[in-house]
Amino acid sequence: MTPVIFLVVLCLGFRSSASALDPSLDAEWEEWKILYEKSYSLEEEALRRTVWEKNMKMIKLHNGENALGKNGYTMKMNAFGDMMSATCTSEEFKKMMVDFPMRTLKSRKGIWKRSLRGLPKFVDWRKEGYVTPVQKQGNCSSCWAFATIGAIEGQMYKKTGKLIPLSVQNLVDCSKPHGNNGCDWGNTYFAFRYVLHNGGVEAEATYPYEGK
């Protein structure tokens with residue numbers, strides 16, 4: 001089922017409300033689309049706008065209450081505002097972000113309990129300088145590649161003292177012979193094997209992320 005058809009099936013209940021969009025939010029809607037590079041067909045835009053408006057109004061209501069001391073935090077619209085509301089498209093969001101098959105490797109006796117003795121209960125690796133800025137994986141299920149690259153970046157920093165963003169796209173494109181499947185599925189173990197056999201991995205600066 002294509003994404004557009006999937007969205008229409010999920011959001012049939014929104015058809016009647018799609019024609020009653022709030023014109024006072026027109027400018028914010030257009031700014032948000034430009035900020036997150038959103039583009040839709042005419043039919044899809046009305047449905048996406050309806051979900052976005054519900055989320056935007058919920059955010060503004062919450063922040064208004066927060067100013068009165070009713071809440072302990074503020075909310076802000078992000079790139080997923082057109083995908084998820086209390087009544088529509090939460091399954092689409094789940095499918096994109098977390099709903100992908102995971103293969104299991106044979107379990108063996110580990111040494112983790114023994115090796116963890118004496119370590120601190122908590123370390124903020126950001127403050128220690130080991131973590132590069134957060135990236136968006138987009139519609140590509142490449143979390144396995146981000147996890148692999150993050151681990152290698154940290155080890156490189158530990159060894160050299162230099163924090164260099166490395167290429168997630170390199171793994172998405174090139175580790176298929178080792179068992180991964182690009183944006184459809186991947187495993188950190190297979191990704192590490194690719195890096196080992198390849199003799200390294202490209203830098204983000206020379207091989208930027210495309211999410212496809």
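So, Arg126 is exposed, because its relative accessible area is 61%, and the cut-offs here are under 20% for buried, over 50% for exposed and partly exposed in between, with a 1.4 Å probe and protein chains only. Its side chain meets that of Asp124 in a salt bridge, at 2.9 Å from N to O. Asp124, on the other hand, counts as buried, at 15% relative accessibility.

Quick housekeeping before I go on. This is a predicted model, so local features need pLDDT of at least 70 and side-chain atom pairs count only at pLDDT 80 or more, while totals for chains, interfaces and linings use all residues. Numbering runs from 1 along each chain as its sequence is written, and side-chain values use heavy atoms, with hydrogens and water left out.

Back to the charges. A salt bridge here is a side-chain nitrogen of Lys or Arg within 4 Å of a carboxyl oxygen of Asp or Glu, and by that rule we get ten of them. Take Asp26 and Arg49: the closest N and O atoms of that bridge are 2.7 Å apart. Asp26 sits in helix H3 (residues 26–35) and Arg49 in helix H4 (residues 42–67), so this bridge ties together parts that are 23 residues apart in sequence. Helices, by the way, are DSSP runs of H or I with at least four residues, strands are E runs of at least two, and both are numbered from the N terminus.

Which end of that bridge is buried? Arg49 is, at 5% relative accessibility, whereas Asp26 is partly exposed at 35%. Arg49 also bridges to Glu53, with the closest N and O atoms at 2.8 Å. Those two share helix H4 and are four residues apart, about one turn of the helix. Glu53 is buried too, with a relative accessible area of 6%. Zoom out and you have a salt-bridge network linking Asp22, Asp26, Arg49, Glu53 and Lys57.

Now the rings. We pair Phe, Tyr and Trp rings (six-membered ring for Trp) if their centres lie within 6.5 Å; planes under 30 degrees apart are stacked, over 60 edge-to-face, and the rest tilted. The structure holds ten such aromatic pairs. One of them is Tyr130 with Tyr157, edge-to-face at 4.8 Å centre to centre and 70° between the planes. Tyr130 is in the loop between helix H6 (112–115) and H7, Tyr157 is in helix H7, and they are 27 residues apart. Both count as partly exposed: Tyr130 at 21%, Tyr157 at 23%. There's also one aromatic cluster formed by Trp29, Trp32, Tyr36, Tyr40 and Trp52.

Last bit: the cores. A nonpolar core means buried Ala, Val, Leu, Ile, Met, Phe, Trp, Tyr and Cys residues joined through side-chain atoms within 4.5 Å. The largest has 15 residues, and Trp144, Ala145, Ile149, Val168, Leu171, Val195 and Val201 touch the most other members. Helices H7 (143–160), H8 (168–174) and H9 (188–198) each give two or more residues, and H7 gives the most, with five. A second, separate core has eight residues, including Trp29, Trp32, Trp52 and Ile59.
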